[in-house]
Amino acid sequence: MILIADSGSTNTDWAIVKPSNEIIHFQTIGLNPYFLTEDEIANEILLNFPNQVDSFEINHTYFYGSGCGSGKTKPIVHAALHRLFPKSTIEIDTDLMAAAKALFFNQKGIAAILGTGSNSCLYDGQKIIENLPSLGFILGDEGGSVYLGKLLITDYLNGQIPEDLQQKLSSQFSLNPEIILSKLYKEAYPNKFLSSFGSFLHQNIPSEYVYMLIEKSFSSFFEKYICKYTNYTKFPLRVTGSTGFFFKNQLTTVAQKFGIQIDEVIQKPMDKLIIYHNQKN
C-alpha cells in the first residue's frame, strides 16, 4: 500500500492507495516540523489514521510538506513516520514539489501554490531548477489568503474600506482595533487569523474595492516572483491552492497583464499526486 501526504500551512491531506486501487482519504492539521515536534506529528497522525488499515502494510510513504526543505527538519518528520510505518520506505519533500509533480508530471513549467501562503518554482519535469521562495506571512506570501487578510485589515484599521464593507466586516467578525491587535501580536497563529478573511472577500467580489484588493495581491505575486524566472513567458503557469482556485478569474486577468497564460488551476494536488505515484509504482 502507498501512503501520500500533502501538508500545507493549515491542513494535511492524506491518501492511502490499496493494491486494489481503492483509495482511503483522511485529514490532519498541517504538520510543519518548524512548529511541531516528532511526538506531536506522530500523535496527530495516529489519532486520525483510519482504523480499517494496518499501518504495517504501508510499504511506501510519500510525504510532501511545508517546512520540509531543510536537512534539519526532514529528520523530524521521517522519525515520526518511521515510528508509525516501520516497514515503509519513506520519501520526504516540500509541498512545492508536490505541486510541481501534480501540475506537470514530467513536463516543464512554472508551478505555483496560492493557498494560505504562496510559493512558486520553475520545474523541468524531474526537479525544481529555479525557486524564489516566499518569505512567510510576515515578510511575504503575496497572493495567498494571509496576504489578502493583511491588506484588508490594514485598510480596515486605517478607515480606507467602503462604509458598507466596514460594517459587514465589523459585524461578521466582531472586530475592533483592540481585538485585531490582540490577535496579531498577543495570540497564537496570527497567520490563521489573517487568512480567515478569504471567505469574506470571496463573498464580496462584486465590490470594486474587493476586486481591486485581490488584483493588487496577485500583481505583487507576479512582480516579485513569477516575472523573475528565466524566460517566464515561454512556459505554462499552473496553480494549485484554494486562493488561486476561488479567485481564478482575477488571477487569470492579472496573469494576462504580465503576458502569462495560465492553463490549469486546481484546488488541491492530491488527486493528481495519486495518479503520479500510481504510475511510478
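1. The side chains of glutamate 264 and lysine 272 meet in a salt bridge, with 2.3 Å from N to O, the term being used for a side-chain nitrogen of Lys or Arg within 4 Å of a carboxyl oxygen of Asp or Glu. Lysine 272 is partly exposed, because its relative accessible area is 24%; here buried means under 20% relative accessible area, exposed over 50%, and partly exposed in between, with a 1.4 Å probe and protein chains only.

2. The model is a predicted one, in which local features need pLDDT of at least 70 and side-chain atom pairs count only at pLDDT 80 or more, while totals for chains, interfaces and linings use all residues. Residues are numbered from 1 along each chain as its sequence is written, and side-chain values use heavy atoms, with hydrogens and water left out.

3. The structure holds nine salt bridges, and one of them joins the side chains of aspartate 13 and lysine 268 at 3.5 Å, N to O. This pair links distant parts of the chain, 255 residues apart, since aspartate 13 is in strand S2 and lysine 268 is in the loop between strand S10 (262-266) and helix H13 (270-280). Helices (H or I, at least four residues) and strands (E, at least two) are DSSP runs, numbered from the N terminus. Aspartate 13 counts as buried at 14% relative accessibility, whereas lysine 268 is partly exposed, with a relative accessible area of 41%.

4. A salt bridge is also formed by the side chains of lysine 224 and glutamate 142, at 3.0 Å from N to O. This pair too links distant parts of the chain, with lysine 224 in helix H10 (residues 208-224) and glutamate 142 in the loop between helix H4 (136-139) and helix H5 (145-157), 82 residues apart. Lysine 224 counts as partly exposed at 44% relative accessibility, while glutamate 142 counts as buried at 2%. Elsewhere, Glu38, Asp39 and Arg83 are linked in a network of salt bridges.

5. Which residues of helix H1 are buried? In this helix, residues 38-48, they are Ile41, Ala42, Glu44 and Ile45, and they lie on the same side of H1 because they cover an arc of only 160° around the axis, the arc being that of the directions from the helix axis to the C-beta atoms. On the other side of H1, Leu46 and Leu47 are exposed. The cover over the buried residues of H1 includes strand S2 (11-17), strand S3 (23-29) and helix H2 (74-84), where contact means heavy atoms within 4.5 Å.

6. Helix H2 can be read in the same way. Its buried residues are Val77, Ala80, Leu81 and Leu84, and they line one face of the helix because, seen down the axis of H2, they fall within an arc of 95°. These buried residues of H2 pack against S2, H1, strand S4 (60-65) and strand S5 (89-94).

7. The largest nonpolar core has 43 residues, and those with the most contacts inside it are Leu152, Phe222 and Leu237; such a core is a set of buried Ala, Val, Leu, Ile, Met, Phe, Trp, Tyr and Cys residues joined through side-chain atoms within 4.5 Å. Apart from it lies another core, of 24 residues, among them Ala5, Ile24, Cys68 and Ile90. Leucine 237 touches Ile110, Ala112, Phe222, Ile226, Ile260, Gln261, Ile262, Asp263 and Glu264, not counting residues up to four places away in sequence.

8. Alanine 100, in helix H3 (residues 95-104), counts as buried at 0% relative accessibility. Not counting residues up to four places away in sequence, alanine 100 touches Phe105, Ala111, Cys121 and Tyr123. Alanine 100 and cysteine 121 are 21 residues apart in sequence and 7.9 Å apart in space, C-alpha to C-alpha.

9. Lysine 87 lies in the loop between H2 and S5 and counts as exposed at 61% relative accessibility. Lysine 87 touches Phe56, Ile58 and Asn59, not counting residues up to four places away in sequence. Lysine 87 and proline 206 are 119 residues apart in sequence and 53 Å apart in space, C-alpha to C-alpha.
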